[in-house]
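Let's take a walk through this two-part report on how a model is put together. Keep the viewer open while you read.

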Amino acid sequence: MAQSKNTFLNFFSGRKLIIGVPYVWFISLAAIPLLIVLKISLSTMETASVSNMVDWSKGWPSLTLNFSSYQFIASDALYVKTYLSSIKYALITTIICLAIGYPFAYFMARAPKHIQPTLLMLIMLPFWTSFLLRIYAWKTLLVNNGIINNALISLGVMSEPIAMMNTPFSLTIGMVYSYLPFMILPLYANLSKLDIRYLEAAADLGTSPLKTFWLVTVPLSKAGIIAGSMLVFIPSIGEYVIPELLGGSNTLMIGRVLWDEFFSNNDWPMASAVAIVMILLILVPMALLNKYQSDQASDKAGA
Amino acid sequence: MATASKPQTGMKSAEKEELLRIEGISKIYDGTVKAVDDVSLTVYKGEIFGLLGGSGCGKSTLLRMLAGFEAPTKGKIYLAEQDITNLPAYQRPINMMFQSYALFPHLSVWENIAFGLKRDGMPKDQIAERVEKMLGLVQLTKFAPRKPHQLSGGQQQRVALARSLAKRPQLLLLDEPLGALDKKLRETTQLELVNIIEQVGVTCVLVTHDQEEAMTMASRIAVMSEGYFLQVGDPDTVYEMPNSRKVADFIGNVNMFEGVIEEDEPDHVTVRSLECIHYVGHGISGHAGMQVGVALRPEKVMLSKRKPKGDYNWAEGEVIEIVYFGAHTTYHLKLASGMVLKAQEINSTRDLSCGLTWGDKAYAHWSNEAMVVLTQ
């Protein structure tokens, strides 16, 4: 008895309690809601509610699973097309962010130490204004009678405005603009830790600066590249606000489909199924990242 | 501290072939801070040249200028009669073994060693052959597929050496090559390193703050302070005949007497200091009445309980400290003037030979040729 009481006390004190807190957090705020969404995606429209999760009509708890929403997603080419288009835009955004963000982060990391905090501040400065406001501001720049078109016409560069709004172009600009800091920050954190002696060693062994960049700097910043790309790619797939405001009807993004299913069609099972498939799509790159990181860890541990 | 014999020291000057010549080189940071101040130096083929000095003396800056990582503010560097002052690091036939090695963490041991060879566009089979040879040289053949972090400190050091030797550089730069190793490992590695360097026959410039390392490895050393050379010479010359108080103080332990020359004869000088009268058995370039320092190494001081004969080269004091090192013991003798004289006695028998203990009165004495008169 005394023994078991002791164990009970031990559980609520010290180590287990501290480890327990994040578990409780994760289970109650991530795992359970996710299971609810999963269950709703497997219900029919009539039974789709939180109070109706488990069927008690037979006297014991049972689950009735209905795969019609998933069947519909698989059968309707529009969904597949939208998923592919979401991945395409997310990939384009990630690649452009990497292309712009890498040199950005590199020069930040190489800048004199005393101005680095200022540069970092400038990267984060846009966050001080509402996200929605900033996206809306792009609208005023890009519309047919917006600042850019008016300026170009008055300068005589062209006579007709270019249609930039509601095109893949405006969508991509908005996405890259919004997610660029999430690429720069992990890359900067990684590159600022890069030991300059590796670059000197490469030069010493006869490597030109450009070659050194590809052979030493890029491989050594792989972890930063992966982290930055994930931080841009994952939220880009499900992005709703930017396609809604800048993308127009020509640009298919899964976030908008999700919105329509929920609020226009009121089809919760369908919306949940769309969300679950999106999570699976995101899980694939996440799993790859995890594998890479654990490979690195075991590489470091194993002698 | 005594130095082992070096094969290169026997070289006659006529056989010496110049490899590296530094002419009046300076490095000034921010317009005022002189890291290296008008240094000139010639290094001969096959030599291991040691740059010795405390931190901030400019030795690393000088080495970095040789490697091409820093541009000199003034002066010229010639390698085999060719001006390389403005040649970028990646075009110099010079390789460096970095302090704490800078092995590429993302590449295996094999790839690290092959790195420089690949840049030269060497055919694949030749690269493989050369890498295998290098791995054999440093006895790491079976570690080829490992990553640097999977190796011990001593193994990493050998990979770094193999990498810097792989391209057969004309000049090898060693930046504190043993700094990251523990004391026991250093002693064995030191000799191993010299053996490998001699086997390859490459000319070396070695930078170190550790005088023992410089003296055992280098055939010639330069003692550096505040950006310039205090003295350049064989390790034994620098140790036994330091040219200034600074050098005597930096290399090894020293008892420094301050005195005035009384007699200045061609075959001897006497110097009167507060502690005693020194009789130096050779002439010096000075004059009577001149203020000089008399440097006396602790291992050249003998101790006895009886008063020595004669009027010169002895002093009386009280034992205030006994520091036991195993192989030898250092006695600290407080003299009447307040100066603490260090005397190092070899423990040639297992009962500690002198029989002196704390608080004992003792006499320290030394021979006519034990000390060096320093005018600077």
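Predicted model: local features only at pLDDT ≥ 70, side-chain atom pairs only at ≥ 80, totals over all residues.

**Domains of chain A**

Chain A splits into domain 1, covering 1–66, and domain 2, covering 70–301. Their C-alpha centres are 35 Å apart. Where the two domains of chain A meet, domain 1 supplies 8 residues and domain 2 supplies 7 residues. The side of domain 1 of chain A that touches domain 2 of chain A is made up of 5 nonpolar and 3 polar residues, with no charged ones.

**Where the chains touch**

Now turn to the contact between the chains, to which chain B gives 18 residues and chain A gives 16 residues. On the chain B side, strand E6 (94–97) and helix H2 (109–119) are the elements that each give two or more residues. Of these, H2(B) gives the most, with 3 residues. Which classes of residue does chain B bring to its side of the contact with chain A? That side has 9 nonpolar, 5 polar and 4 charged residues.

**Two helix pairs in chain A**

Start with helix H8 (residues 168–191) and helix H11 (residues 222–237) of chain A, whose axes come within 8 Å and cross at roughly 160°. The two helices, H8(A) and H11(A), are therefore roughly antiparallel to each other, since an angle over 145 degrees counts as such. Their crossing is right-handed. Among the residues of H8(A) that meet H11(A) are Met175(A), Tyr179(A), Phe182(A) and Met183(A), while the H11(A) side includes Ile225(A), Leu231(A) and Val232(A). By class, the contact of H8(A) with H11(A) counts 13 nonpolar and 4 polar residues, and no charged ones.

The second pair is helix H9 (residues 196–204) and helix H10 (residues 209–220) of chain A, which pack at an angle of about 155° with axes 10 Å apart. That angle makes H9(A) roughly antiparallel to H10(A). H9(A) passes H10(A) in a right-handed crossing. From H9(A), the contact uses Tyr198(A), Leu199(A), Ala202(A) and Ala203(A); from H10(A), it uses Thr212(A), Leu215(A), Val216(A), Thr217(A) and Leu220(A). These residues of the contact of H9(A) with H10(A) comprise 7 nonpolar and 2 polar, with no charged ones.

**Two sheets in chain B**

One open sheet of chain B has 5 strands in the order E13-E12-E11-E14-E20, with antiparallel pairing. Its edge strands, each pairing on one side only, are E13 (277–280) and E20 (371–374) of chain B. From one strand to the next, the twist averages 40°.

Another open sheet of chain B has 5 strands in the order E15-E19-E16-E17-E18, and its pairing is antiparallel. Here the edges are strand E15 (302–304) and strand E18 (340–346) of chain B. Neighbouring strands of this sheet are turned by 45° against each other on average, direction ignored.

Which residue of E14(B) is the bridge partner of Met256(B)? That partner is Ala295(B). In E17(B), Thr329(B) is the bridge partner of Tyr324(B).

Conventions
Residues numbered from 1 in each chain as written. Chains lettered and ligands numbered in written order. Axes fitted to C-alpha atoms, helices over the stretch in contact; angles between N-to-C directions. Helix = DSSP H or I, 4+ residues; strand = E, 2+ residues; numbered from the N terminus. Parallel < 35°, antiparallel > 145°, perpendicular 65-115°, else oblique. Left-handed = near helix turned anticlockwise from the far one by under 90°. Nonpolar A, V, L, I, M, F, W, Y, C, P; charged D, E, K, R; others polar. Pairing = 2+ DSSP bridges. Domains from an automatic or database assignment.
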